[in-house]
Amino acid sequence: METLFACCIGFLTACGVFLMLRGRTFPVVLGLTMLSYAVNLFLFSSGRLTLRGAAVLGTSEQYADPLPQALVLTAIVIGFAMTAFLVILAIRARADLGNDHVDGKLPESELSKKESR
C-alpha cells in the first residue's frame with residue numbers, strides 16, 4: 001500500500017512540475033494545483049498509513065494521528081486561496097496584455113502568423 005501511495009505522490013508531482021513549465025497560464029494553474037495535491041498526500045502520509053485507526057483515544061488500540069490531518073486541512077485552505085489568486089491574476093494579465101502567455105510576450109511563431117494576416 002505504501003508503494004502505491006508513494007507512486008501516486010510521485011506521479012502527481014511529476015505532472016504538476018511538467019504543467020508548471022508550460023508557457024500558458026492555465027496549465028501553470030493546473031500544475032500548481034496538482035503539486036498542492038501531492039503535498040497534501042505527502043503530509044497525510046507523514047502520520048503513518050494505518051487501517052482502522054480510531055480518531056478518539058481510548059476506543060481502539062491504534063489511533064490516528066490528528067496533526068497530519070490538521071496540516072492537510074490547513075494546506076487545502078491555503079491551496080484553494082492560492083489557486084483563486086492565480087486565476088484572478090491570470091484573468092487580469094489576459095485582459096491587460098491581450099494574451100495568456102506567462103511572460104506576456106507572444107512567441108515568434110505566433111507573431112509571424114499574426115503579422116501575415
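A helix, as I use the word here, is a DSSP run of at least four residues in state H or I, numbered from the N terminus. With that in place: valine 87 is found in helix H3, residues 66-97. The model we are looking at is predicted.

The chain has four helices and zero strands. From the N terminus on, the order of elements is α-α-α-α. There are 117 residues, and 20% of them count as buried. Taking the contacts in the chain with a separation of 6 or more, 52% are between residues 24 or more positions apart. The accessible surface is about 8900 Å², and carbon and sulfur atoms account for 68% of that.

Now H3. How far apart are its end C-alpha atoms? They are 46 Å apart, and 32 residues at 1.5 Å a residue should span 46 Å, so the two values agree.

Which residues of H3 are buried? They are Pro68, Val72, Gly79, Thr83 and Ala90. The partner for these buried residues is helix H2, residues 25-45, against which they pack.

Back to valine 87. Its relative accessibility is 35%, and therefore valine 87 counts as partly exposed. Together with Ile88 and Ile91, Val87 makes a nonpolar surface patch of about 280 Å². As a reminder on geometry, an α-helix has 3.6 residues a turn, so residues three or four places apart point the same way.

Arginine 92 and aspartate 96 are both exposed. Just after H3 comes glycine 98, which takes a positive phi of about 85°.

How many salt bridges does the structure hold? There are two. The other pair to look at is arginine 24 with aspartate 100, where the closest N and O atoms are 2.7 Å apart. Arginine 24 sits in the loop between helix H1, residues 2-20, and H2, while aspartate 100 sits in the loop between H3 and helix H4, residues 108-116, so this pair ties together parts that are 76 residues apart in sequence. On accessibility, arginine 24 is partly exposed, with a relative accessible area of 33%. Aspartate 100 is also partly exposed, at 22%.

Last, the cysteines. The structure holds zero disulfides. A disulfide is a covalent bond between the sulfur atoms of two cysteines. The cut-off used for a disulfide is 2.5 Å between the sulfur atoms. Cysteine 8 has a relative accessible area of 37%, so cysteine 8 counts as partly exposed. Cysteine 15 is partly exposed as well, at 21%. For reference, buried means under 20%.

Definitions and conventions
Residues are numbered from 1 along each chain as its sequence is written. This is a predicted model: local features need pLDDT of at least 70, side-chain atom pairs count only at pLDDT 80 or more; totals for chains, interfaces and linings use all residues. Side-chain values use heavy atoms; hydrogens and water are left out. Patches are made of residues with over 30% relative accessible area and no salt bridge: like charges are joined within 9 Å, nonpolar side chains (Val, Leu, Ile, Met, Phe, Trp, Tyr) within 5 Å. Accessible areas come from the Shrake-Rupley method with a 1.4 Å probe; for residues, only the protein chains shown count as cover. A salt bridge is a side-chain nitrogen of Lys or Arg within 4 Å of a carboxyl oxygen of Asp or Glu. Helices (H or I, at least four residues) and strands (E, at least two) are DSSP runs, numbered from the N terminus. Buried means under 20% relative accessible area, exposed over 50%, partly exposed in between (1.4 Å probe, protein chains only). The expected span of a helix is 1.5 Å times one less than its number of residues. Contact means heavy atoms within 4.5 Å.
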